[in-house]
Amino acid sequence: MAERNLILAFESSCDETSVAVIENGSKILANIVATQINSHKRFGGVVPEVASRHHIEAITLCVADALEQAQVSYEDLDAVAVTYGPGLVGALLVGVAAAKAVAFAHNLPLIPVNHMAGHIYAARFVSPLKFPALALLVSGGHTELVYLAGPTDFKIIGETRDDAAGEAYDKVGRVLGLSYPSGKEIDELAHQGQDSFHFPRAMENEDNFDFSFSGLKSAFINTVHHADQVGESLDKADLAASFQASVVDVLAHKTIKALRKFDVKQLILAGGVAANKGLRARLDQELTAFPEVELIKAPLKLCGDNAAMIGAAGYEAYQAGIRADLDLNAEPSLEFEWLD
């Protein structure tokens with residue numbers, strides 16, 4: 001019988017408290033997610049102190065629910081994996097403290113996981129990862145292109161210089177009067193409108209793999225505010241379509257540029273914005289020109305923050321012998337290294 005490795009995984013980097021039990025890095029036995037969206041909606045964004053308090057209230061309940069759903073006990077576990085960065089420091093500390101407590105009490109190895117590696121490994125639940133690979137990570141806090149030389153070897157080749165794509169979506173959504181988080185609603189509106197405003201495609205032709213969305217956000221806001229000042233009514237669907245067209249054009253352009261430079265077996269699309277229908281469709285279309293590259297998209301239900309992806313990444317780290325001591329601390333600004 002094949003060896004069965006069970007990992008208890010913790011994720012608390014932002015506004016989702018999540019605990020999962022993952023078998024052999026590829027099978028979800030339980031994935032409990034306690035969302036805080038309703039608590040943060042009234043603020044139009046995540047309030048770190050509120051997020052931390054909610055994590056404290058939910059974390060032990062999530063552990064109990066995950067073990068019950070997976071029908072396992074602490075004695076069945078092989079390791080504990082936890083997100084230790086990047087993220088909100090107070091939120092991260094809750095998950096790190098809980099994971100360390102379980103690891104210490106049950107004499108289990110503690111596996112430190114980079115949150116962004118977790119997003120990449122969400123794709124593992126679709127198909128085994130093949131290396132070398134390229135990942136386009138698009139979320140509320142990060143937008144970056146990552147080269148994967150091996151299972152635990154991540155190197156950034158390009159990232160946003162300012163706003164992340166998801167952050168721009170939420171700021172634009174606020175201007176449109178949409179509720180937080182607004183990415184899904186903008187995506188739906190975009191499919192009802194036309195790119196009639198032709199917003200700028202920042203850094204599209206620069207000789208690098210970096211992104212910038214601050215100028216697009218400003219152009220969008222200035223367009224809406226000017227219309228308000230002169231009493232002009234703008235079509236929300238056209239605004240959404242024009243904004244999304246700019247974001248998708250730049251993301252796709254830089255990704256295809258990277259595929260032309262790096263010889264990879266897979267392109268992985270992951271992160272919260274990876275759920276965007278416009279982006280998924282565009283990459284499907286673009287990848288027809290790269291028949292040798294397999295496109296893997298993180299499952300829609302695992303694009304947001306969750307512990308299942310941390311368990312998948314943690315399993316690879318566990319197999320590679322990566323361990324943390326009980327003095328593991330949160331690293332809110334944790335980053336992958338840049339490719340030399």
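1. Helices (H or I, at least four residues) and strands (E, at least two) are taken here as DSSP runs, numbered from the N terminus. On that basis the protein chain has 10 helices and 11 strands. Its radius of gyration, taken over C-alpha atoms, is 20 Å, close to the 20 Å that the globule rule gives for 340 residues, so the chain is as compact as a globular protein of that length. The globule rule is 2.2 Å times the number of residues to the power 0.38.

2. The model is predicted: local features need pLDDT of at least 70, side-chain atom pairs count only at pLDDT 80 or more, and totals for chains, interfaces and linings use all residues. Residues are numbered from 1 along each chain as its sequence is written, and side-chain values use heavy atoms, with hydrogens and water left out.

3. Along the principal axes, the C-alpha atoms fill a box of roughly 65 × 45 × 30 Å. Of the 340 residues, 56% count as buried (under 20% relative accessible area; exposed is over 50%, partly exposed in between; 1.4 Å probe, protein chains only). Taking contact as heavy atoms within 4.5 Å, residues 24 or more positions apart account for 74% of the contacts with a separation of 6 or more.

4. A nonpolar core is a set of buried Ala, Val, Leu, Ile, Met, Phe, Trp, Tyr and Cys residues joined through side-chain atoms within 4.5 Å. The largest one has 85 residues, and Ile120, Leu148, Phe243, Leu259, Ile268 and Phe336 have the most contacts inside it. Helix α8 gives the most to this core, with 12 residues. A second, separate core of 31 residues includes Ala70, Leu77, Leu110 and Ala324.

5. Neighbours within four places in sequence aside, its contacts include Leu129, Leu137, Leu148, Phe154, Ile268 and Phe336.

6. Helix α7 (residues 214–229) has 16 residues and should span 22 Å at 1.5 Å a residue; its end C-alpha atoms are 22 Å apart, which agrees. The expected span is 1.5 Å times one less than the number of residues. The buried residues of α7 are Leu216, Lys217, Phe220, Ile221, Val224 and Ala227. They cover an arc of only 130° around the axis, which puts them on the same side of α7; the arc is that of the directions from the helix axis to the C-beta atoms.

7. These buried residues of α7 pack against α5 (165–175) and α8 (236–261). On the other side of α7, Asn222 and Gln229 are exposed. Just after α7, Gly231 takes a positive phi of about 75°.
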